[in-house]
Amino acid sequence: MGKKSKMDRELYEAELKRLQLHLVEMEAWVKATGARLCVVFEGRDAAGKGGAIKRITEYLNPRTTRIIALPAPTERQRTQWYFQRYIEHLPAAGEIRLFDRSWYNRGGVERVMGYCTAEEHRRFLAQTPIFERMLVEDGIMLRKYWFSVSDHEQEKRFKSRLTDPMRRWKLSPTDLESLTRWEEYSRAKDEMFVHTDIPEARWHVVESDDKRSARINMIAHLLHSVPWQHIEQPEIVLPKRPASTGYRRTDRSLQLEVPDFASAVSNGETVYEDPED
């Protein structure tokens with residue numbers, strides 16, 4: 001089978017806007033019904049998880065839909081039950097939580113890089129299905145997506161980030177290490193799937209060598225997997241502005257305003273384009 005061509009940009013942007021409109025409606029349904037939605041984003045480094053999350057949240061209410069991207073655990077958190085620090089970030093009624101990496105850190109990077117012991121990893125594989133069944137039984141809609149990227153495309157994206165000032169921060173020592181441990185990560189992922197791809201919370205694999213197609217496929221699947229319905233919104237009528245009571249604005253010379261940089265901007269500036277798109 002030959003390599004698929006990239007999704008046309010114009011077609012991609014039109015379809016993305018259509019799906020984003022449905023995401024806004026889905027969020028309104030979640031809020032109105034008190035549903036709880038938890039979406040887990042996992043996969044290879046540079047596989048496109050962050051880009052998909054960015055497009056999902058672009059028009060959503062940050063008070064309802066939040067991104068959970070936790071830093072490395074503190075010394076105290078390392079002594080807690082492994083799932084403990086994730087539990088406090090799970091959704092309450094009417095909320096959506098998007099985990100940009102999750103408890104599955106232990107099944108991937110911690111396992112491969114030796115950040116956990118063999119016993120801790122074994123316990124993780126045994127407890128995760130139980131933990132996730134508890135979430136689902138309690139009414140949380142749990143969706144798990146694994147973003148898959150080829151070794152060639154991953155290396156290509158890493159190289160582009162070396163010279164891209166907008167994305168260089170994404171290259172951590174652990175990311176670079178993943179280039180030399182490709183097969184170890186593959187084996188860890190396969191073992192993780194064997195134990196955690198359960199009927200109550202299946203893994204959904206997103207092929208992401210083409211980021212545009214990956215985003216469209218993932219968002220469309222999420223929308224189809226959630227039983228949302230259109231919620232009629234109450235009509236909003238803007239009130240009439242009352243007549244002035246004599247207020248006069250403070251003289252601008254008494255205020256510290258930012259300089260008018262916009263008037264000096266030239267149309268000849270180069271627009272940044274994401275090289276990975």
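**Buried, exposed and in between in a predicted model**

Author: This is a predicted model. Val-194 sits in helix H9, which spans residues 182-196.

Reader: Why is Val-194 called exposed?

Author: Its relative accessible area is 67%. Exposed means over 50%, so Val-194, at 67%, is exposed.

Reader: Which residue 69 places away along the chain is listed with Val-194, and what separates their C-alpha atoms?

Author: That residue is Leu-125, and the two C-alpha atoms are separated by 9.2 Å.

Reader: What makes His-121 buried?

Author: His-121 belongs to helix H6, residues 118-137. Its relative accessible area is 4%. Buried means under 20%, therefore His-121, at 4%, is buried.

Reader: What is His-121 in contact with, leaving aside its neighbours within four places in sequence?

Author: The contacts of His-121 are Arg-106, Gly-107, Arg-111, Cys-116 and Glu-191.

Reader: Why is Val-109 called partly exposed?

Author: Val-109 lies in helix H5, residues 109-113, and has a relative accessible area of 21%. Buried requires under 20% and exposed requires over 50%, with partly exposed in between. The value of 21% falls in between, so Val-109 is partly exposed.

Reader: Which residues does Val-109 touch, not counting those up to four places away in sequence?

Author: Val-109 touches Gly-114, Tyr-115, Thr-174 and Tyr-185. Its C-alpha atom is separated by 9.6 Å from that of Asp-175, 66 residues apart from Val-109 along the chain.

Reader: How do you know that H2 is mostly covered?

Author: Seven of the nine residues of H2 are buried. They are Lys-49, Gly-51, Ala-52, Ile-53, Arg-55, Ile-56 and Thr-57.

Reader: What covers the buried residues of H2?

Author: The cover includes H1, S1, strand S2 (65-68), S3, S4 and H10.

Reader: How many residues are in the largest nonpolar core, and which have the most contacts inside it?

Author: This core has 31 residues, and Phe-41 and Met-218 have the most contacts inside it. At least two core residues each come from helix H1 (9-33), strand S1 (36-43), helix H2 (49-57), strand S3 (95-100), strand S4 (140-148) and helix H10 (211-225). H1 gives the largest share, seven residues.

Reader: What does Met-218 touch, not counting residues up to four places away in sequence?

Author: Met-218 touches Val-39, Phe-41, Ile-56, Tyr-145, Phe-147 and Val-206. Another core, of 22 residues, lies apart from the largest one, and among its members are Cys-38, Tyr-86, Phe-99 and Trp-146.

Methods:
Residues numbered from 1 in each chain as written. Predicted model: local features only at pLDDT ≥ 70, side-chain atom pairs only at ≥ 80, totals over all residues. Heavy atoms only, no water. Core = buried A, V, L, I, M, F, W, Y, C linked by side-chain atoms within 4.5 Å. Buried < 20%, exposed > 50% of the residue type's maximum accessible area, 1.4 Å probe, protein only. Helix = DSSP H or I, 4+ residues; strand = E, 2+ residues; numbered from the N terminus. Contact = heavy atoms within 4.5 Å.
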